[in-house]
Amino acid sequence: MIVALPLKPQFSLGPAILLVTVILLFFMGSSTTELLAYDRYALESLETWRLLSGNLVHTNGYHLLLNGAGLFFLWALHGEHYKPLLFIKLFLWCGLGTSLGIYFLSPSLIWYVGLSGALHGLFVWGACMDIRNKVYSGALLLLGIMAKVSWEQWQGSSKDVAELIGASVAIDAHLYGAASGFALFLLMWVMSVLYSVIKPRQAA
């Protein structure tokens, strides 16, 4: 079975921009990471950019490679949904939802970096889009990510991955990111339904 990757620019440009951005930030060094990381104490001093920028920096090369692989996997699965501007908006909203979830619901999590929370959101959104478009494997993907997040909440983070990336795995970020992706899908779906109802009335 041959899998057709979504290679057209309108499907690959958004993920490519994100990947290039995180690579450039990584090579700018640890001082850049410290400036951009999610840091609760810095946020309390109104360094609010960290709510978004923390999702773009990484602890080390292994962390970057893992998240880069995750981004490639999502693009291969759901790239046909990834129009460039839409993809960037989705990533930013999922990243913001992840950071706000950490800030308000996980006060003990002081420091966080990485794409993983937002990637979980994109995964959920893509799976829901598959279901909406009658690609029923999306239901299996949605059940899979729900099982993964639930398992992490029950059993905790992977010690092997924590050693590899040089930091604890922020499992709460995965939960909040996934919830953000689902909320975005619901919001977009409701808006599309309302638009489909209002538009015929305006035309009449």
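In this predicted model, leucine 122 is in contact, beyond its neighbours within four places in sequence, with Leu74, His78, Tyr82, Phe87, Leu90, Phe91 and Cys94. Leu122 also belongs to the largest nonpolar core, which holds 33 residues, and together with Leu18, Tyr82 and Phe91 it is one of the residues that touch the most other members. Two or more residues of this core come from each of α1 (9-27), α5 (61-78), α6 (84-105), α7 (116-132), α8 (137-155) and α10 (171-203), and α7 gives the most, with nine residues. Another core, of nine residues, lies apart from this one and includes Tyr38, Leu43, Ile102 and Tyr176.

Two of the contributing helices, α1 and α6, pack against each other at an angle of about 35 degrees, their axes being 7 Å apart, and the crossing in which α1 passes α6 is right-handed. On the α1 side the contact is made by Pro9, Gln10, Leu13, Gly14, Pro15, Ile17 and Leu18, while α6 supplies Pro84, Phe87, Ile88 and Phe91. Sorted by class, this contact of α1 with α6 has nine nonpolar residues, two polar ones and no charged ones.

The side chain of asparagine 55 is joined to that of serine 99 by a polar contact of 3.5 Å.

Key: Residues numbered from 1 in each chain as written. Predicted model: local features only at pLDDT ≥ 70, side-chain atom pairs only at ≥ 80, totals over all residues. Heavy atoms only, no water. Core = buried A, V, L, I, M, F, W, Y, C linked by side-chain atoms within 4.5 Å. Buried < 20%, exposed > 50% of the residue type's maximum accessible area, 1.4 Å probe, protein only. Helix = DSSP H or I, 4+ residues; strand = E, 2+ residues; numbered from the N terminus. Contact = heavy atoms within 4.5 Å. Axes fitted to C-alpha atoms, helices over the stretch in contact; angles between N-to-C directions. Left-handed = near helix turned anticlockwise from the far one by under 90°. Nonpolar A, V, L, I, M, F, W, Y, C, P; charged D, E, K, R; others polar. Polar contact = N/O pair within 3.5 Å; in protein donor to acceptor, adjacent residues only side chain to side chain.
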